[in-house]
Amino acid sequence: MGILSGNPQDEPMHYGEVFAAWTNLLGNNGMIAGYQAFTHHAGDGDLKKLLEEGIQALQNENHQLEELLKANGIGLPAASPDRPLANLEDIPVGARFTDPEISAALSKDVGAGLVACSQAMGQSIREDIAMMYGQFHQAKAQFGAKVLKLNKEKGWLIPPPLHVKGKE
């Protein structure tokens, strides 16, 4: 039996797997801080709920990523402390993010996250890591569908130019 046979958790991580997990954790830490700040700017209750759901999902991912990295002797990136509570009315109007801007940022992050998960799955040789990223991908796709639905319901979606075939 070779080094890459048997229990995948006994196999060493390769540099691509390490980099993907470490940068995923670092990026999630930044998004958590950003989404916490966005919750103070958001006026729409449905958007606030999605932000909280997004924070919880990122924290769940982080727990798995931290366990993976620690089990393989890899140091963790620094994380920002939780944001203090703030009141929307205390934020000057010109300094506030609007609900459509916040929702657009969520949409962008979901799209980037789906691509990153796909790349991590494709480069993984450890089945457990590939499966973990498959689960992350599925959760992000479901979350993205909720964000898309909210954008449509609230009128925040700005579609690209639509191709409508004219009559010939």
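A: Gln-36 lies in helix α1. The model is a predicted one.

Q: Is Gln-36 buried or exposed?
A: Gln-36 counts as buried, because its relative accessibility is 12% and the cut-off for buried is under 20%.

Q: Which residues does Gln-36 touch, leaving aside those up to four places away in sequence?
A: Gln-36 touches Ile-55, Pro-81, Asp-82 and Arg-83.

Q: Changing topic, how many helices and strands are in the chain?
A: The chain has four helices and zero strands. Read from the N terminus on, the elements run α-α-α-α.

Q: And what box do the C-alpha atoms fill?
A: Taken along the principal axes, the box is roughly 60 × 60 × 20 Å.

Q: What share of the residues counts as buried?
A: The chain has 168 residues, and 36% of them count as buried.

Q: Of the contacts between residues at least 6 apart in sequence, what share joins residues at least 24 apart?
A: That share is 79%.

Q: On to pockets: how much space lies in the largest pocket?
A: The largest pocket holds about 310 Å³ of space. It is lined by 17 residues, and those closest to its centre are Ala-20, Thr-23, Asn-24, Ala-116 and Cys-117.

Q: Which elements give two or more residues to that lining?
A: They are α1 (15–41), α3 (99–123) and α4 (127–154). The largest share, eight residues, comes from α3.

Q: What is the lining of the largest pocket like by class?
A: It has eight nonpolar, seven polar and two charged residues.

Q: What volume does the second largest pocket have?
A: Its volume is about 260 Å³. Of the 16 residues that line the second largest pocket, Ala-57, Leu-58, Glu-61, Ala-139 and Lys-140 lie nearest its centre.

Q: Which elements contribute two or more residues there?
A: For the second largest pocket, these are α1, α2 (45–71), α3 and α4. Helix α2 gives the largest share of this lining, with six residues.

Note on methods: Residues numbered from 1 in each chain as written. Predicted model: local features only at pLDDT ≥ 70, side-chain atom pairs only at ≥ 80, totals over all residues. Heavy atoms only, no water. 1 Å grid on protein atoms, 1.4 Å probe; cavity = no way out; pocket = protein on both sides within 12 Å on 5 of 7 lines; lining within 4 Å. Points joined across faces, edges and corners; volume = space filled by probe spheres on them. Nonpolar A, V, L, I, M, F, W, Y, C, P; charged D, E, K, R; others polar. Buried < 20%, exposed > 50% of the residue type's maximum accessible area, 1.4 Å probe, protein only. Contact = heavy atoms within 4.5 Å.
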